Amino acid sequence: MNKKVFEPTVLGSINLKNRIIRSATHEGMADEAGYPTEMLKNTYIQLAKGTVGAIITGYAGIQQNGRSPLYRMNMISDDSYIDHYKDLVDTIHEYDTPIIMQIVHCGRQTRSIITGERPVAPSAIRDKCYNEEIPKELTELEIEEIINNFVNAIERAKKAGFDGVQLHAAHGYLLSSFLSPYMNHRKDRWGGTTENRFRIIDEIYKNARKRVGNYPILVKMNAYDGRKNGMRIKEAIKIAKLLEKSGCSAIEVSCGIWEDGFYSVRVKTVPIDLIMKYSFNYKKFATLPFFLKSIIKLKLKMHITKHKPLHNYNVEAAAVIKREVSIPVIVVGGIRAIGDISNIIENGKADFVSMCRPFISEPDIVKKFEDDRQKVSKCISCCNCAILLEENPIRCCYS
Ligand SMILES: Cc1cc2nc3c(=O)[nH]c(=O)nc-3n(C[C@H](O)[C@H](O)[C@H](O)COP(=O)(O)O)c2cc1C
């Protein structure tokens, strides 16, 4: 039953040992300027030793005002980064493991205290999560600059030896916010119709193809979110088709934006205490008297709801998208059991599966599955890893 999962295969022109991919996971292991460290390299070595099919790096910033609010993001914003990543990539290749760099502009899901300037977005719509400041609507010139910086980052990733790049167009970050009618209210050629909202990605592809030829450029996108007038599967299918037309090498299907709470990253129980302690929006209340803190906690509990199901929640959306395109489809989201992975692959619901949190506690989970030492990941989807990431490199609280 697991045969197809563990057979060597190809994702476009990339050779993989199997069909299980490490989905992009912000590691918080860069140095202050965003250069890769030995710690980051060791994390990837552990994954490669664990025979993961391919590693997608934590998101790397293409420019300063698109930096992540989380701890110590990887950057790829100028040529000085190339040699540093080259060393890391060469090491991972010694294990015969492909490594793909995910690149991002965080858009309105960041803070000026991190980037040094007001966050930017397609439209000036306040983010309910990053609600301290209303983002600035991007000018035409600034959009062109962002396109150029994405293309520069793709070229740098290629020069560094990465096997491909992935554009982060999911979870409410800048490219995702252009795609979503909820976040993009523009009346010019960058907003309105699906084609207009997609234009920024199309332009990245057009310009990148001139510079990097058929180098693999993947996309992570949302199939849906929890917002009124947000992304829905019908729209996502249209976008997937546009992606295929633009020359996208593979689509990873995800869901949700930050405002949705734990939607893309589903949890068994909302980690309220940890949020109160570490999250920038709440840690400021630490010194309040117990009674007042309890009221805030209660409000938080009411505000952040749990979403269901907890497992395999993007599989049906991925299957629908896969039926409509002929490029490879990867599915992520609550995948924990080799039995489920086999079903997804054998039944053609997706060509690849990817996981994030399971690899944090068990970087060798793929090997354990393959050797039949374990059938289900030990990850309990508590998501403490993500909350701690505001101030620390990534780790699992339970391993
Ligand atoms: C700690 C943490 C960091 C993440 N970092 C990224 C990231 O850099 N880029 C990205 O596209 N998704 C990121 N995600 C989302 C995951 O890639 C994935 O879509 C989501 O966690 C669902 O998969 P899982 O259930 O296997 O964890 C992150 C999630 C977590 C929990």
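Which domains does the domain assignment of the chain give? I find domain 1 (3-265 + 308-388) and domain 2 (271-304), with bounds from an automatic or database domain assignment. My numbering starts from 1 along each chain as its sequence is written. The model is predicted, so I note the limits: local features need pLDDT of at least 70, side-chain atom pairs count only at pLDDT 80 or more, and totals for chains, interfaces and linings use all residues.

Domains. I get 30 Å between the C-alpha centres of domain 1 and domain 2. Seven residues of domain 1 are in contact with six of domain 2 (contact: C-beta atoms, placed from the backbone, within 7 Å). On the domain 1 side I list five nonpolar, two polar and no charged residues (nonpolar: Ala, Val, Leu, Ile, Met, Phe, Trp, Tyr, Cys and Pro; charged: Asp, Glu, Lys and Arg; polar: the others, Gly among them).

Helix pair. I took α5 (residues 140-160) and α7 (residues 194-212), whose axes come within 9 Å and cross at roughly 40 degrees (helices: DSSP runs of H or I, at least four residues, numbered from the N terminus; axes: lines fitted to C-alpha atoms over the stretch in contact, with angles from 0 to 180 degrees between N-to-C directions). The contact includes Phe150 of α5 and Arg211 of α7. I count nine nonpolar, one polar and four charged residues in the contact of α5 with α7.

Definitions and conventions. Two residues are in contact if their C-beta atoms, placed from the backbone, lie within 7 Å. Helices (H or I, at least four residues) and strands (E, at least two) are DSSP runs, numbered from the N terminus.
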